Amino acid sequence: MLLPRFKYYEPADLAEACRMMAELGGTVRPLAGGTDLIINMRRRTVAPEHVVSLGRIKELCSMGLSGRTFEIGACCTVASLAESSEIASEFHALCEGALCLGSPLVRNLATVGGNLVTARPAADLPPPLMAYGGSVTLQSSQEQRLVPLEQFFLEPGRTVMKPAEILTRIVVETPPAFSGASYIKLGTRRALEISIVSVGSFLALESPGGRILSARIVLGAVAPVPIRARDAEKTLIGEIPSRSLFVKAGETAAQESKPIDDHRGTAEYRRAMVSVLTQKTLQAALERAKL
Amino acid sequence: MKKTIHITFNHKPFELAVEPNQTLLEVIREKLGLTGTKAGCLVGDCGACTVLLDEKPVNSCLVLAVQADGKQVTTIEGLETPQGLHPLQTAFVDKGAIQCGYCTPGMILTAKSLLDRNPRADEPGIRKAISGNLCRCTGYQKIVEAILFASRTTP
């Protein structure tokens, strides 16, 4: 089936893209990897009059360290994230998230920014990015603002972005010494899968074998948006890591989750799996923190 | 309004006038008549429409033709040389890795991309690489065997 008709634009830089987003009348959609937009257009759930491709804007397609922060251009593909040696060495959980998104073919097209702006509750990159305390830069022809990912998602399919804004980059602080993180996705198969439950956890220790200084636990697919399990995090702070401590954190996280019943799993099952995955990700994060 | 684009298909440059809403898959099959690339699910799930875009395997149903402007595209028709079939094509035939054949072009292109990057790929690596290419006939065993065979026998 043919896609609906639209006018197509390929701005060469960000300023031109922002101007187009602001000035084109009617419905405008930015196009990055297309793995969502093109499917939705084919299904006729969206039929924009104007499509503004961001794929030729070089500044959106690079990633790298800038001081203590790692910046990821919104149009970097998920495959490039998974293949980055810097991501693999500093942001292990993010690499894990990238490697379980879609399929290898989809990852060669899908972009990091796209996985965020679509605001799907089961998306694979928000939990690890939030576990690292990530933020996003939103740019319009009027202003630029930095929004922590924790405040970015409003409900399924909706974010704080204004209609003419473009998500330009993702910013994460380089994790401190003696810290580690892990992301685990539970699905019924290992590729082309939408999570039943996913959990990303981050731990920072005072020293290898020392107390827990800070912790972030992020739950995916068990609430309308990815959520922090703050009570579970509180049970960890100032404690010496142990299996029983992680069991308690897992049970607390399960109580904080707000899953629904659907064809992928029941709420009861999801809550039980939140507990299991929280324990497993904390254990993996701990092992990495000791290195 | 049509847009003029330049794409190198199977090492030959083409200038094409396309509508923005035409996908790369539609242009390959309908404008160029290269029907080796198959239309399957059209939502990026099955991998039947796999082509190599700048040497990387992608679902051509999810790419607008205008997005491929200035890039190189390899389809299954681009693998055979005057010397004969590509070693992966031969391996698929010899190992019986083909039944209905619908997934085969995509499967072979994905495998080519893997072996180009990692000529000695092992079985787990092969299974991961083809995880976006669905086959409903073979149960994958012979496909994996064919790719393994090609990886061992290609100099």
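This is a predicted model: local features need pLDDT of at least 70, side-chain atom pairs count only at pLDDT 80 or more; totals for chains, interfaces and linings use all residues.
Two residues are taken to be in contact if their C-beta atoms, placed from the backbone, lie within 7 Å. The axes of helix 2 and helix 5 of chain B lie 8 Å apart, and the two helices pack at an angle of about 135 degrees. Because of that angle, helix 2 of chain B is oblique to helix 5 of chain B. The crossing of these two helices of chain B is right-handed.

Helix 2 of chain B has another helix to pack against. Residues 87-94 form helix 2 of chain B and residues 104-117 form helix 3 of chain B; the two pack at an angle of about 130 degrees, with axes 10 Å apart. This angle makes helix 2 of chain B oblique to helix 3 of chain B. Here, too, the reader can look for the handedness: helix 2 of chain B passes helix 3 of chain B in a right-handed crossing. On the helix 2 side of chain B, the contact is made by B:Leu88, B:Gln89 and B:Phe92, and on the helix 3 side by B:Thr104, B:Ile108, B:Ala111 and B:Lys112. Four of the residues in this contact of helix 2 with helix 3 of chain B are nonpolar, two are polar and one is charged.

Burial along helix 2 of chain B can be set beside these contacts. The buried residues of this helix are B:Leu88, B:Gln89, B:Ala91 and B:Phe92. They lie on the same side of helix 2 of chain B, because they cover an arc of only 160 degrees around the axis. The partners of these buried residues are helix 3 and helix 5 (141-153) of chain B. Just after helix 2 of chain B comes B:Gly96, with a positive phi of about 65 degrees.

Helix 10 of chain A spans residues 243-256 and helix 11 of chain A spans residues 267-290; their axes come within 8 Å and cross at roughly 140 degrees. Helix 10 and helix 11 of chain A are therefore oblique to each other. In passing helix 11 of chain A, helix 10 of chain A makes a right-handed crossing. Helix 10 of chain A contributes A:Phe246, A:Val247, A:Ala249, A:Gly250, A:Glu251, A:Ala253 and A:Ala254, which meet residues of helix 11 of chain A including A:Arg271, A:Val274, A:Thr278 and A:Leu282. By class, the contact of helix 10 with helix 11 of chain A has nine nonpolar, five polar and two charged residues.

The two chains also touch one another. In this interface, 22 residues of chain A are in contact with 22 residues of chain B. Helix 2 (37-42) and helix 6 (104-107) of chain A each supply at least two residues of the side of chain A that touches chain B. That side of chain A is made up of 13 nonpolar, six polar and three charged residues.

In chain A, A:Ala221 sits in the loop between strand 13 (212-220) and strand 14 (227-228). Its phi is near 70 degrees, a positive value in a residue other than glycine. A:Ala221 counts as buried because it has 29 C-beta neighbours inside 10 Å. Chain B has B:His11, found in the loop between strand 1 (3-9) and strand 2 (12-18). The phi of B:His11 is near 75 degrees, again a positive value in a residue other than glycine. B:His11 has 8 C-beta neighbours inside 10 Å, so it counts as exposed.

Two further loop residues belong to chain A. A:Ser84 is placed in the loop between helix 3 (78-83) and helix 4 (85-90) of chain A. With 20 C-beta neighbours inside 10 Å, A:Ser84 counts as buried. From A:Ser84 to A:Cys95 the separation is 11 residues in sequence and 8.3 Å in space, C-alpha to C-alpha. A:Gly209 lies in the loop between strand 12 (197-205) and strand 13 of chain A. With 11 C-beta neighbours inside 10 Å, A:Gly209 counts as exposed. A:Gly209 and A:Gly73 are 136 residues apart in sequence, and their C-alpha atoms are 36 Å apart in space.

Key:
Residues are numbered from 1 along each chain as its sequence is written. Chains are lettered from A and ligands numbered from 1 in the order in which they are written. Helices (H or I, at least four residues) and strands (E, at least two) are DSSP runs, numbered from the N terminus. A residue is buried if 20 or more other C-beta atoms lie within 10 Å of its own, exposed if 12 or fewer, and partly exposed in between; C-beta atoms are placed from the backbone. Ala, Val, Leu, Ile, Met, Phe, Trp, Tyr, Cys and Pro count as nonpolar, Asp, Glu, Lys and Arg as charged, and the others, Gly among them, as polar. Axes are lines fitted to C-alpha atoms, for helices over the stretch in contact, and angles run from 0 to 180 degrees between N-to-C directions. Angles under 35 degrees count as roughly parallel, over 145 as roughly antiparallel, 65 to 115 as roughly perpendicular and the rest as oblique. A crossing is left-handed if the near helix is turned anticlockwise from the far one by less than a right angle, and right-handed if clockwise. The arc is that of the directions from the helix axis to the C-beta atoms.
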